Amino acid sequence: MTPPYRKHVGSGARLSNVQSTQTQVPDRSDEVTGPPAGGPPPPVGEPPHRSSGRRWEWTLAGLLLAPNLVLLIVFTYRPLIDNFRLSFTDWNISSPTISWVGFSNYIEWFTRDDTKTVVLNTVIFTVATVGISMSLGLLLALLLDQRLKGRNLVRSAIFAPFVISGAAIGIAFQFVFDPSFGLVQDVLARLGIASPDFYQQSNWALFMVTVTYIWKNLGYSFVIYLAALQGRRADLDEAAEIDGASSWTRFRRVLMPQLRPTTFFLSITVLLSSVQVFDIIYAMTRGGPVGNGTTTLVFQVYQETFVNQRAGYGATVATVMFLVLLVVTVFQVRVMDKGSRK
Amino acid sequence: MSAPAIVGTIDEPPTAPPSRRERRADQNRSESSSHNRGPLMTTAGYVGMTVALLIVAVPLFWIIITSFKERGDIYVRPAQWWPNPATTENYHDVTTRIPFSNYFRNSLIITGVTSTVKIVLGVISAYALSLLRFPGRGIVFLVVIAALMVPNQITVISNYALVAQLGWRNTYQGIIIPLAGVAFGTFLMRNQFLSLPGEIIEAARLDGAGPLKLLWKVVLPMSWPTLVAFSLITVVNEWNEYLWPFLMSDDERVAPLPVGLTQLQNNDGVTNWGPVMAGTVLAMVPILVLFLVLQRQMIKGLTAGALKG
């Protein structure tokens, strides 16, 4: 799963060499501009105007791209590779000594008791947030894709939580779910229902974190689905209606296929961001209760590396997570490819 | 091989038809027809709108009224749905007892500098990748875009070690520099620049405009809406950034507002919700005001990847 990345890093490094060493640039000029057919090669000392313009363009491109490329290589690609290296060590994040431990971190991760809980938490949280926010987003978009008074106001309101900081929302919703004095317990009490203990019971804590995340992110799926609906070809739907198709058939056979690219895009972006969530979980539960009640893989990376001072093991968890994400994404691409070829 | 495949899919705008004129025609078509639904659908629409509005508004209302309640009134059952008496004590408390103004200042500095750097780098990278010709352009573009597929969590450990080694923990540069690379913004602006009519750019070139003059006088003025959208999402993302500043800062010297909020929560939390809610409201307000004023551009930017490749 890793070759594409390694390949990119390699090409990036090679390219920045090309940019920094001016002597190499003219070597490649033949590939792009090509020498004038049959003409003599330009004299070394005085290149013709055209070719010096080209070289100037390349230098400028190098100058404009270099800062961004350097930042991405140093702070994105270098640590990606370095993380693989660290996952085979017992490093503790602060000590200068570091020793090689082979696959023992991986063996530990696959055999440890808490791994099952953490993986299960991650899967439940991710499937619930992706599934619910996408289907609710689509449902709302379908309901609001018509002329309604106050529609724009409601559209903005639904989207607003998406721009608020996850940490602020996490803290605010910790109080909303307060089992003794929060909003949820008050509403439940008025209905005569006793509030579950969102703070102490793992399942309810995971429920609380999941609901909070959906509350914050629903607007994203909703707005994208709504825009896709407004850009769709209404004539297809009309044709199907004239042909006597039921509304369910029109939804499944006419609308959903048209929304397929949007659904595909959302399934990847929503999945990637929900797997990576840290701020809401940290703000609401610190990964607890009872140790790892709401600990997901990302939270475990933080916990092991920075709290338990086991950077090697943290890097292992990060690597596993990254590989799983790659596999899942490839799988999504495959499924969508197949679907669109039908 | 997965990364290029995905990039390819994002690159192909799912809903964008080939030409601008056609797109406009599409919009007209859907506007004229898709709004004629039955009364049942209209009723369902209003019910859906009401429910959604309540779900969003009630928790926000709850947080705001709590921030104006006296301490004793927060810890009662059944809860009071209106602060009686209303007090600004919590706001006074949160702004004086914790170094709130420091957190706020840090947020402004970090967001301001990081966003400026990102916007400039995004624009110049995109310009080079769309309007300059040089060998290896496709590969450079791939290097930039594939960075989108690398999750933060896999880079934090090594970046933390590097920044700590440089002695940059608890400094602004330690927070800002590792966040400054731009992948998505480059992608967004490059597509914008490529969509500009080639004749205008060619005409400006023939008029003797140099590359930088071309960017400043011709390309950017024509790309204003996309640039605004890109700038807004950058500001929102940097303002809300949590994990990296959280790892980089131990106290109020450089910690931004979201990190300050969780530090406040550590001290007060469950036992003193009033000031915590006041702090949360203060952290939410600036970005919500920005959103209310510029929501159209902000939604455009935040949803740009999906709708306009």
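## Interface of chains A and B

In this model, 119 residues of chain A are in contact with 110 residues of chain B, contact meaning heavy atoms within 4.5 Å. The model is predicted, so local features need pLDDT of at least 70 and side-chain atom pairs count only at pLDDT 80 or more, while totals for chains, interfaces and linings use all residues. Residues are numbered from 1 along each chain as its sequence is written, chains are lettered from A and ligands numbered from 1 in the order in which they are written, and side-chain values use heavy atoms, with hydrogens and water left out.

The size of an interface is often given as the accessible area lost when the parts come together. Between chain A and chain B the buried area is about 10100 Å², and carbon and sulfur atoms give 74% of this area; buried area is the accessible area (1.4 Å probe) that two parts lose on being put together, summed over both.

On the side of chain A that touches chain B, helix α3 (residues 49–86) of chain A supplies the largest share, 23 residues. Helices here are DSSP runs (H or I, at least four residues), numbered from the N terminus. By class, this side of chain A has 77 nonpolar, 22 polar and 20 charged residues. Ala, Val, Leu, Ile, Met, Phe, Trp, Tyr, Cys and Pro count as nonpolar, Asp, Glu, Lys and Arg as charged, and the others, Gly among them, as polar.

## Helix packing in chain B

Helix α6 (residues 100–131) and helix α15 (residues 257–267) of chain B pack at about 150°, with axes 8 Å apart. Axes are lines fitted to C-alpha atoms over the stretch in contact, and angles run from 0 to 180 degrees between N-to-C directions. The angle makes α6(B) roughly antiparallel to α15(B) (over 145 degrees).

Phe100(B), Tyr103(B), Phe104(B) and Ser107(B) of α6(B) meet Leu257(B), Pro258(B), Gly260(B) and Gln263(B) of α15(B).

## Backbone exceptions

Most residues other than glycine have a negative phi, and most peptide bonds are trans. Gly288(A) and Pro289(A) are joined by a cis peptide bond, with omega about 0°. Ile93(A), not a glycine, has a positive phi of about 75°.

Definitions and conventions:
Helix = DSSP H or I, 4+ residues; strand = E, 2+ residues; numbered from the N terminus. Parallel < 35°, antiparallel > 145°, perpendicular 65-115°, else oblique.
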